[in-house]
Amino acid sequence: MYGASAVIMDTKGDTNMDYVLPINDYSIDLQKEIDDAEWLGEFDRADNVKRELDDVKRMINNGELYYPMF
C-alpha cells in the first residue's frame with residue numbers, strides 16, 4: 001500500500017503522521033525562530049537553532065519530505 005492509505009494506526013487510534021512534520025514547513029518555522037531570537041538578542045539560542053536548521057537543510061537536500069518529532 002502506498003500514499004495516505006498506507007498510514008498505520010497505533011493503539012490509541014492516532015496516525016503515525018501525528019509524529020512527523022512536512023520538512024519544508026519545519027524549515028520555515030526554524031528560520032522564523034532564528035529571526036525572533038536574534039531580534040530579542042538571544043544569540044546563543046539563535047546559534048543552536050541555526051545548527052538544527054543546517055541539519056534540516058541537509059535532510060531536504062537528501063530528498064527527505066518529513067521531519068520526525070520523536
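The structure is a predicted model, in which local features need pLDDT of at least 70 and side-chain atom pairs count only at pLDDT 80 or more, while totals for chains, interfaces and linings use all residues. Residues are numbered from 1 along each chain as its sequence is written, and side-chain values use heavy atoms, with hydrogens and water left out.

Helices (H or I, at least four residues) and strands (E, at least two) are taken as DSSP runs and numbered from the N terminus. Helix α1 covers residues 23–39. Just after α1, Gly41 adopts a positive phi of about 80 degrees.

Residues are called buried under 20% relative accessible area, exposed over 50%, and partly exposed in between (1.4 Å probe, protein chains only). The buried residues in α1 are Ile23, Tyr26, Ser27, Leu30, Ile34 and Ala37. Viewed down the axis of α1, the buried residues fall within an arc of 105 degrees, so they line one face of the helix; the arc is that of the directions from the helix axis to the C-beta atoms. Lys32 and Trp39, on the other side of α1, are exposed. The cover over the buried residues of α1 includes β1 (20–22), α2 (43–61) and β2, with contact meaning heavy atoms within 4.5 Å.

Rings of Phe, Tyr and Trp (its six-membered ring) pair if their centres lie within 6.5 Å, and planes under 30 degrees apart count as stacked, over 60 as edge-to-face and the rest as tilted. By this rule there is one aromatic pair. Its members, Tyr26 and Tyr67, are stacked, at 4.4 Å centre to centre and with 20 degrees between the planes. The pair links distant parts of the chain, since Tyr26 belongs to α1 and Tyr67 to strand β2 (residues 66–68), 41 residues apart. Tyr26 is buried at a relative accessible area of 11%, and Tyr67 is buried at 18%.

Charged side chains provide further links. Side chains of opposite charge can pair when their charged atoms come close. A salt bridge is defined as a side-chain nitrogen of Lys or Arg within 4 Å of a carboxyl oxygen of Asp or Glu, and the whole structure holds four of them. One of these joins Glu33 to Arg45 (3.5 Å, N to O). Here too the link is between distant parts of the chain, with Glu33 in α1 and Arg45 in α2, 12 residues apart. Glu33 is partly exposed, at 32% relative accessibility, and Arg45 is partly exposed with a relative accessible area of 32%.

Another salt bridge forms between Glu38 and Lys50 (2.9 Å, N to O). Glu38 lies in α1 and Lys50 in α2, so this pair ties together parts 12 residues apart in sequence.
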